[in-house]
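Take a walk through the model shown below.

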Amino acid sequence: MDALAGLLDGPRARGAFLLRMIMEPPWSVRIEDGAPLCLMCVTEGEAWIVPDTGEPVLLRPGDIAIARGPEPYTVAHAADAPPSARIGPDGTCTTLSGEPLAETMRLGVRTWGNAPDGGTTVLVGTYRMDGEVGRRLLDALPGVLHLPADVWNCPLMPFLDEEIARDEPGQSVVLDRVLDLLLIAGVRAWFSRPGARAPAWYRAMGDPVVGRALRLLQDDPAHPWTVASLAAKAGVSRAALARRFTELVGEPPMAYLTGWRLALAADLLRETDATVESVARQVGYGGAFALSAAFKRVRGVSPQEHRAGK
């Protein structure tokens, strides 16, 4: 599994919520859905994202923003506009006093707003759940990531805007994939900026030796890797790989592999009904006992306790 693909592997499997919001000022929506990740693109007009902590962000046509949850924030026509609606868990929309708004503001297929010909259009894609694998990358992002149109050019946004209101067979699959690609393109563009603070392992993916070793570990975590076997695949000596890997990634190869295996195991435990024995073998442990010992040592809880949400 590629690092960026891992960002989406869990969330996409559990579904993303996608809509087009058409608004005419004044408007302000309080987002309190607890979602870990939300992508927003403005195709017409302007919109402000106002986090509870941090500076407001102005979105113009062609801009993209990625907001990290679960902290709440406000999206509005002006940075100081008081909220008049609230988006809660599972996408429920109400007034601030709790009166339902979903039907009142429905404007068509995947389209929601206060005016069908409003001057502002925002495409909103919300990932409702996240996983440990994706979190390894998301934790390096700011609360609100903003890419203005003049610093990146992505052809996916017009396509998504054109497709979002269609109601055809397989349309949800098409939209999910386009949304995923847009998110990946945005994250990649963010980390490609000069001075970007990408995780060490992400930067190391560009190294011809360490990058290959990382991909081998990520793509086949169940393989009984040793530093020697990894070095042979990467085409360098054991000592050279160990030294360069630790220098670029910040930890030795086997320590990285342990963290990767446990992140995968954590997601499998939460996302599937697979037994601990089955999960252990999928991620490279000899059995449930070995996985449980590693899980408890590194994460402080047993696999069963993690699955139960403890």
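P26 sits in the loop that links strand 1 (16-23) to strand 2 (28-31). Strands here are DSSP runs of E with at least two residues, helices are runs of H or I with at least four residues, and both are numbered from the N terminus. The peptide bond between P25 and P26 is cis, with omega at about 0°.

This is a predicted model, in which local features need pLDDT of at least 70, side-chain atom pairs count only at pLDDT 80 or more, and totals for chains, interfaces and linings use all residues. Residues are numbered from 1 along each chain as its sequence is written, and side-chain values use heavy atoms, with hydrogens and water left out.

A cis peptide bond also joins G69 and P70, with omega at about 5°. P70 belongs to the loop between strand 6 (64-68) and strand 7 (73-76).

Move on to R110, in the loop between strand 10 (106-108) and strand 11 (111-113). Its phi is near 50°, a positive value in a residue other than glycine. R110 is partly exposed because its relative accessibility is 25%. The classes are buried (under 20% relative accessible area), exposed (over 50%) and partly exposed (in between), using a 1.4 Å probe and protein chains only.

Now the cysteines. How many disulfides does a search of the whole structure find? It finds zero, where a disulfide is a pair of cysteine sulfur atoms within 2.5 Å. For C38, the nearest cysteine sulfur is that of C41, 9.5 Å away. C38 has a relative accessible area of 5%, so it is buried. C93 is in no disulfide either; its nearest cysteine sulfur, that of C38, is 14 Å away. C93 also counts as buried, because its relative accessibility is 7%.

Step back to the whole chain. It holds twelve helices and 13 strands. Its C-alpha atoms fill a box of roughly 65 × 40 × 40 Å along the principal axes. Of the 310 residues, 49% count as buried.

Contacts mean heavy atoms within 4.5 Å. Among contacts with a separation of 6 or more, 71% come from residues 24 or more positions apart.

The chain carries 32 positive and 37 negative side chains, and the centres of the two sets lie 11 Å apart. Lys and Arg count as positive, Asp and Glu as negative; His and the chain ends are not counted. Each charge is placed at NZ of Lys, CZ of Arg, CG of Asp or CD of Glu.
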